[in-house]
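Thanks for coming. I will go through one structure today, starting with its core and ending with its charged pairs.

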Amino acid sequence: TENQLKRINRMYPQHKRLLRKQGEYAKPVAELDLSKYETKLTVLPGTHPGGINAAGIDNFSKNTDGSISGITASPDNYLAFGNGNSFDMSTGNVVKITAKIPEGNAMRLYFTTTDSQNWAEAKATSTTVSTTADFADYYFNFSENKNWKGTLLWYRLDVSSTKGDEFVVK
């Protein structure tokens, strides 16, 4: 009814859309196109935009379909993606990643910019906990993050906080 619609819109404002798992956002979604990145099997040096770096991951590989897969070798693991200093962060504030991670896990995404090249919790957000062991879209919403500005330098994806988890990121 009309009264229910008013009450729901008051409780869950549609202009913020923060309570939705998926949906349309106020600004465009920045998607990682992994096919553009060269695979680099090194610990993140911070100087190779356009590359993929991995740490704490066994059997790391870039697959023929463009996806990246591996097994977490330690709780302190990550994939880092350099973007070649070309993404203006004012054009989008939500990052979408399609991944297959174990059910019950959540990923964490960090970023650095050309003006602020250090990794920090203040420049990170987590996904919701995975409810499936199959591929799903995960949205990292940085719209409330005051540090999301300037030119993006690196993404760092912490795939899992446990050892021995198999994953695939598209």
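Let me begin with the largest nonpolar core, which has 26 residues. By nonpolar core I mean a set of buried Ala, Val, Leu, Ile, Met, Phe, Trp, Tyr and Cys residues joined through side-chain atoms within 4.5 Å. Buried means under 20% relative accessible area, exposed means over 50%, and partly exposed is in between, with a 1.4 Å probe and protein chains only. The residues with the most contacts inside this core are Leu79, Val95, Ile97, Leu109, Phe140 and Leu157. Among the elements that give two or more residues to it are β6 (78–88), β7 (94–100), β8 (108–113) and β11 (151–158). A second, separate core has five residues, including Tyr78 and Trp154.

Before going on, the basis of all this. This is a predicted model, in which local features need pLDDT of at least 70 and side-chain atom pairs count only at pLDDT 80 or more, while totals for chains, interfaces and linings use all residues. Residues are numbered from 1 along each chain as its sequence is written, and side-chain values use heavy atoms, with hydrogens and water left out.

Of its 170 residues, 40% count as buried.

How confident is the predictor? pLDDT is its confidence in each residue, from 0 to 100. The mean for the chain is 75, and 69% of the residues reach 70 or more. Where pLDDT is low, the predicted coordinates should not be read in detail.

Now the charged pairs. How many salt bridges does a search of the whole structure find? Four, each being a side-chain nitrogen of Lys or Arg within 4 Å of a carboxyl oxygen of Asp or Glu. Lys96 pairs with Asp137, with the closest N and O atoms 3.7 Å apart. That pair links strand β7 to strand β10, across 41 residues. Asp137 is partly exposed, at 23% relative accessibility.

Arg156 and Asp158 also form a salt bridge, at 2.8 Å between the closest N and O atoms. Both Arg156 and Asp158 are buried. Through shared partners, salt bridges join Asp76, Arg156 and Asp158 into one network.

Notes: pLDDT is the predictor's confidence in each residue, from 0 to 100. Helices (H or I, at least four residues) and strands (E, at least two) are DSSP runs, numbered from the N terminus.
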